[in-house]
2 protein chains.
Amino acid sequence: MPVSQTIGNSPPQPAVVALDVGGTFVKWLVADRTGVLRRGTTPTRAADGPERSFGVVLDTVDTALAALPSTHTPVGIGLAVPGTVDERRGVCVYSENLGWRELPVVERVLRHTGLPVGFGHDVRSAATAEWRLGAGRGIADQVYVSVGTGLAAALLLDGRLVVSGGYAGEIGHGGTLEGEPCTCGGRGCAETVASAAAIARRYTASTGIPVDGARDVLARAREGDAVAHRVWEDAVEVLGSVVADLIRVTGVARIVIGGGLVHAGEALLTPLRDRVRERLTVHPTAHILPAVLGGAAGSWGAALLGWEAADIDLDPILTAYADAVRTRSEPGAAE
Amino acid sequence: MPVSQTIGNSPPQPAVVALDVGGTFVKWLVADRTGVLRRGTTPTRAADGPERSFGVVLDTVDTALAALPSTHTPVGIGLAVPGTVDERRGVCVYSENLGWRELPVVERVLRHTGLPVGFGHDVRSAATAEWRLGAGRGIADQVYVSVGTGLAAALLLDGRLVVSGGYAGEIGHGGTLEGEPCTCGGRGCAETVASAAAIARRYTASTGIPVDGARDVLARAREGDAVAHRVWEDAVEVLGSVVADLIRVTGVARIVIGGGLVHAGEALLTPLRDRVRERLTVHPTAHILPAVLGGAAGSWGAALLGWEAADIDLDPILTAYADAVRTRSEPGAAE
């Protein structure tokens with residue numbers, strides 16, 4: 001969409017609609033080339049089945065389009081989706097959270113809206129946002145590790161995201177043959193120990209005491225609770241092993257930690273750096289940094305996917321967004 | 001170099017000189033666009049220090065150039081080198097075998113010969129040859145694992161080799177914190193158990209009996225030697241864990257096993273496939289295949305680097321070389 005002055009009447013500004021589809025909520029936003037105009041959340045209703053949850057996605061796109069100020073016109077849609085996502089084909093291969101299987105997301109959203117659709121994996125979208133706007137800016141080789149309900153990584157190698165048919169970075173599953181059974185059917189998968197959900201679950205399993213997430217377990221560990229301390233240490237130990245594997249395989253020297261658990265700050269990062277360092281010998285010391293975009297990373301990434309789909313020059317947009325993130329002038333940018 | 005007929009005299013055909021520099025021997029060959037014209041080996045003389053071993057490389061280039069038939073003219077040099085190799089900078093960052101440190105290989109060979117120089121890591125060069133001519137043909141996402149004296153991998157993702165400053169695929173080192181001390185300073189590194197050298201060394205350490213390499217240990221295991229059997233199983237177990245890590249991180253579904261140990265054939269591959277399968281849950285079943293170019297893979301890869309450096313269209317060359325490999329008309333192609 002060309003932007004030029006006409007006599008007596010400004011032409012509409014281009015804008016994108018971006019959705020970060022989670023198992024519980026869809027986070028949406030509408031952004032122009034300088035920043036976010038509107039944002040909101042909608043319950044995903046994943047329990048009502050795949051058609052219903054995909055209907056929520058289409059409804060949310062409509063809601064966001066309707067929220068566009070009259071000064072703006074939509075030029076693209078960006079969608080970030082969890083599960084096994086094949087960006088190259090535009091297909092959600094499998095999402096346990098949403099019940100989607102071989103769902104041609106791009107084709108269906110394009111048919112619904114008539115707008116170009118950018119499509120990505122939720123973790124890879126968050127990673128892209130961190131890479132272009134946040135903790136990873138300007139580094140061509142890096143890995144983003146999301147530690148939240150689940151555990152997964154996104155690989156950026158030589159400036160390009162690795163997809164491998166949707167299976168790249170699925171480090172949370174695949175067993176060590178020993179340890180707790182996992183939802184995937186394996187035993188001792190990293191996700192059974194080193195995710196925010198696992199930390200809470202393992203503490204409750206050991207003590208019978210219900211807790212309010214990993215944050216609560218960390219608070220108890222700080223107050224001298226030995227079980228909380230052990231559960232936290234176990235998580236850091238396994239996460240250290242996973243990060244060391246990521247470095248050994250990819251050779252990157254920059255790791256960005258995102259997802260809910262990173263809010264623990266140095267209580268997570270300091271021992272994690274130690275665990276990684278003691279496992280590596282020939283590799284240079286890794287820079288292990290916290291993500292800076294917080295829970296908004298996926299939506300920012302989806303917005304960038306929308307602009308790319310609209311084939312609009314990203315450089316000035318990236319500059320404007322990065323400024324917004326850096327100065328925290330953008331509400332929710334680093335929530 | 002244009003190839004055209006002139007009256008009464010054919011113009012010289014283009015050719016490349018390719019070297020696969022190992023810790024013990026430099027394998028060299030001279031190839032035109034249809035296949036290998038000459039080949040040979042030279043002792044590396046690594047023990048005489050880095051300048052001497054680099055001198056051997058330059059001397060070998062001269063030997064190979066002198067071996068060129070008068071009907072041919074050299075248009076490029078290809079070099080494959082072990083250690084930490086940064087192809088992007090043209091530098092050997094570190095090679096324990098050769099004693100090289102921050103050696104600007106491309107610059108020095110270019111100065112010596114005046115010819116364009118293609119430069120690569122030995123494992124990545126072998127992987128490239130398998131990818132373009134051998135077991136990995138036509139697959140954009142795959143990992144090559146070299147199991148010989150050492151253990152290392154090369155990652156081909158979305159049709160591009162991953163380098164990461166030379167550290168990609170260094171899976172042999174970096175400890176599990178338990179197990180045997182490794183030359184790198186770690187403990188329990190995969191290379192201390194799952195390399196051809198480790199298999200021989202561990203058998204001798206347990207029994208006091210000197211053996212002629214991993215092949216000898218396998219022969220003893222087949223004859224019912226319990227220690228040989230355990231050492232072999234340990235190697236397959238650790239290799240299975242390493243391959244599962246490679247798949248978990250990269251998401252690839254194709255693994256090509258190269259290096260000396262692959263000559264064990266199904267005695268290696270069948271249990272390896274089992275070990276990998278039992279460790280993976282959400283990933284598709286991996287195709288684990290033997291390399292087909294054998295000890296010549298590194299030289300073939302170096303030849304391709306030479307053609308690329310000369311900026312000559314690779315497609316017809318790849319077709320001709322792949323035919324040569326497939327029909328085994330090329331001596332030593334699958335030695």
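Mentor: Angles under 35 degrees count as roughly parallel, over 145 as roughly antiparallel, 65 to 115 as roughly perpendicular and the rest as oblique. Keep in mind that this is a predicted model, where local features need pLDDT of at least 70 and side-chain atom pairs count only at pLDDT 80 or more, while totals for chains, interfaces and linings use all residues. Residues are numbered from 1 along each chain as its sequence is written, chains are lettered from A in the order in which they are written, and side-chain values use heavy atoms, leaving out hydrogens and water.

Now the pair: helix 8 of chain A covers residues 297–309 and helix 9 of chain A covers residues 314–327, and they pack at about 165 degrees with axes 11 Å apart (axes are lines fitted to C-alpha atoms over the stretch in contact, with angles from 0 to 180 degrees between N-to-C directions; helices are DSSP runs of H or I, at least four residues, numbered from the N terminus). Helix 8 of chain A and helix 9 of chain A are therefore roughly antiparallel.

Who touches whom? On helix 8 of chain A it's Trp300(A), Ala303(A), Leu304(A), Trp307(A) and Glu308(A), and on helix 9 of chain A it's Leu314(A), Ile317(A), Leu318(A), Tyr321(A) and Val325(A) (contact means heavy atoms within 4.5 Å). By class, that contact has 9 nonpolar, no polar and 1 charged residues (Ala, Val, Leu, Ile, Met, Phe, Trp, Tyr, Cys and Pro count as nonpolar, Asp, Glu, Lys and Arg as charged, the others, Gly among them, as polar).

As for confidence, chain A has a mean pLDDT of 92, with 95% of its residues at 70 or more (pLDDT is the predictor's confidence in each residue, from 0 to 100). Over residues 329–335 of chain A, though, pLDDT stays under 50.

Conventions. Helix = DSSP H or I, 4+ residues; strand = E, 2+ residues; numbered from the N terminus.
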